[in-house]
Amino acid sequence: MPATDNVMDKLVSLAKRRGFVFQSSEIYGGLGSVWDYGPLGVELKKNIKERWWRSMVHDREDIEGLDAAILMHPKVWEASGHVSGFTDPLVDCKQCKNRFRADDPRIKGTPGEPTAQCPVCGSKGTLTAPRMFNLMFKTFMGPVEEAAALVYLRPETAQGIYVNYLNVLQSSRQKIPFGIAQIGKAFRNEITPGNFIFRTREFEQMEMQFFVKPGTDSEWLEFWRGERMKWLVGLGVRAEKLRFHQHTKDELAHYAKDAYDVQYEFPFGWQEFEGIHNRTNFDLSRHQEFSGKKLEYLDVATNERFIPYVVETSAGADRTTLVVMVDAYHEDEVEGEKRVVLRLHPALAPLKAAVFPLVNKDGMPELARRIFDDLRKYYNTFYDDGGSIGRRYRRQDEAGTPFGITIDGQSTQDGSVTVRDRDTLKQDRVAADRLVTYLAENLKG
Ligand code: ATP
């Protein structure tokens with residue numbers, strides 16, 4: 001059964017126990033809302049990113065890949081509007097020193113006025129009036145800390161794509177419509193981060209910007225909405241936990257013509273983890289204006305010149321990882337004993353199989369080692385000879401490993417092993433020399 005109570009607490013604890021996610025700099029007390037991916041977490045997130053990359057770049061002829069640097073010319077962020085507009089209104093409580101976004105729904109009344117009440121300590125009239133706070137991290141380039149060398153850590157990967165749009169177009173000989181995909185780190189000095197890896201100050205984005213002829217943009221938005229939902233369902237995420245939220249006029253960014261959030265029903269409510277936006281020609285027009293470089297496209301067939309419209313799909317790799325983990329988290333009972341199991345899609349599972357000698361004697365460890373060495377040439381496999389077989393199964397259930405392979409007394413006689421399915425608990429007897437084929441057939445999808 002999917003778990004329902006305290007799922008986030010349980011997931012955070014499992015993530016640490018099994019090595020998915022650790023708090024950054026934990027031995028120093030941690031760094032606020034920054035997280036590190038452990039041995040299993042790095043595999044899970046990498047599998048998600050690889051699947052995204054394959055679906056965007058390798059499976060399609062009309063999308064090219066890019067890996068732009070995190071540091072960019074500071075003018076990029078003036079052109080994009082981030083220097084002047086990437087701000088959140090910030091409110092402090094003078095009493096308890098807590099900090100909020102002014103639009104925090106828990107605040108009763110208007111911050112700055114005597115009637116407004118702090119949602120944490122309950123004091124009245126202690127909330128400051130909102131101050132605008134820029135979310136971009138600043139740093140200095142060069143040895144002297146002077147304003148001239150001020151640069152920003154990028155708050156989104158998209159701008160790296162826009163400023164390279166002509167380079168990619170010309171070098172790849174693509175024609176419009178075409179897209180550029182990129183996976184990379186982004187940084188936002190969020191005022192109210194939280195919910196584990198949902199909102200962090202350093203995160204990874206998987207963004208694809210699709211350049212189209214003006215007038216065809218709405219059609220392409222619809223196309224990408226369909227594609228992205230298919231992809232997410234293909235990750236094994238339950239369809240009933242996914243929905244689109246179309247931005248209302250008030251929610252739309254000033255440059256956007258239409259926008260949808262893809263939301264998942266997290267234990268803390270329906271929340272966005274991907275955005276699909278019609279960004280019009282805003283970004284390219286602004287870069288043309290600020291750089292003085294022509295960014296028009298010439299349609300050779302019609303001899304028309306235009307600045308392309310952009311339809312963007314912008315997903316958080318960390319938030320998608322959280323979606324996948326929350327959706328996979330199940331609790332059930334096996335032979336009267338409670339177990340926690342991550343029912344991860346086999347393609348996403350960090351480990352595909354684990355190999356267990358039933359006991360550490362009678363030739364079983366030697367055979368198990370041989371099988372393990374063979375399998376790991378093809379699949380990320382784990383070897384475990386510690387503790388009872390039940391406990392070893394439980395550990396792999398929590399890691400989301402689809403198959404447990406046990407080498408027992410019969411194995412040393414006839415070369416067959418048992419393969420236990422994580423979800424159905426069904427055990428198959430399989431010849432050891434057929435294991436690679438068996439896994440290939442059963443890990444598909
Ligand atoms: P939110 O409203 O939650 O702050 P946003 O609308 O600002 O998000 P976008 O700028 O559209 O988000 O970014 C696209 C995606 O990047 C988001 O859907 C999310 O998955 C991811 N993302 C944005 N900010 C963060 C963050 N602070 N931590 C983790 N992921 C993030």
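The protein is divided into domain 1 (4-72 + 152-326) and domain 2 (351-442), with bounds that come from an automatic or database domain assignment. The model is predicted; local features need pLDDT of at least 70 and side-chain atom pairs count only at pLDDT 80 or more, whereas totals for chains, interfaces and linings use all residues. Residues are numbered from 1 along each chain as its sequence is written, and side-chain values use heavy atoms, with hydrogens and water left out.

The C-alpha centres of domain 1 and domain 2 are 38 Å apart. Contact between the two domains (heavy atoms within 4.5 Å) involves seven residues of domain 1 and six residues of domain 2. The buried area, i.e. the accessible area (1.4 Å probe) that two parts lose on being put together, summed over both, is about 520 Å² between domain 1 and domain 2, and carbon and sulfur atoms give 48% of it. On the domain 1 side, the most area is lost to domain 2 by Arg18, Leu40 and Glu43, which together account for 64% of what that side buries.

Two salt bridges are counted between domain 1 and domain 2, a salt bridge being a side-chain nitrogen of Lys or Arg within 4 Å of a carboxyl oxygen of Asp or Glu. Arg17 forms a salt bridge with Glu398, with 2.7 Å between the closest N and O atoms. Helix H1 (7-18) and helix H2 (39-58) each supply at least two residues of the side of domain 1 that touches domain 2; helices (H or I, at least four residues) and strands (E, at least two) are DSSP runs, numbered from the N terminus.

Around the ligand there are 14 residues (a heavy atom within 4 Å), of which Glu190, Arg199, Thr200, Glu272 and Phe273 come nearest. An N or O atom in the side chain of Glu190 is 2.7 Å from a nitrogen atom of the ligand. For Thr200, a backbone N or O atom lies 2.8 Å from a ligand nitrogen atom, while a polar backbone atom of Phe273 is 2.8 Å from a ligand oxygen atom.

Ile176 and Pro177 are joined by a cis peptide bond, with omega about 5°. Pro177 is in the loop between helix H6 (165-172) and strand S9 (178-187).

Key:
A polar contact is a pair of N or O atoms within 3.5 Å; within protein, one must be able to donate a hydrogen and the other to accept it, and residues adjacent in sequence count only if both atoms are side-chain atoms.
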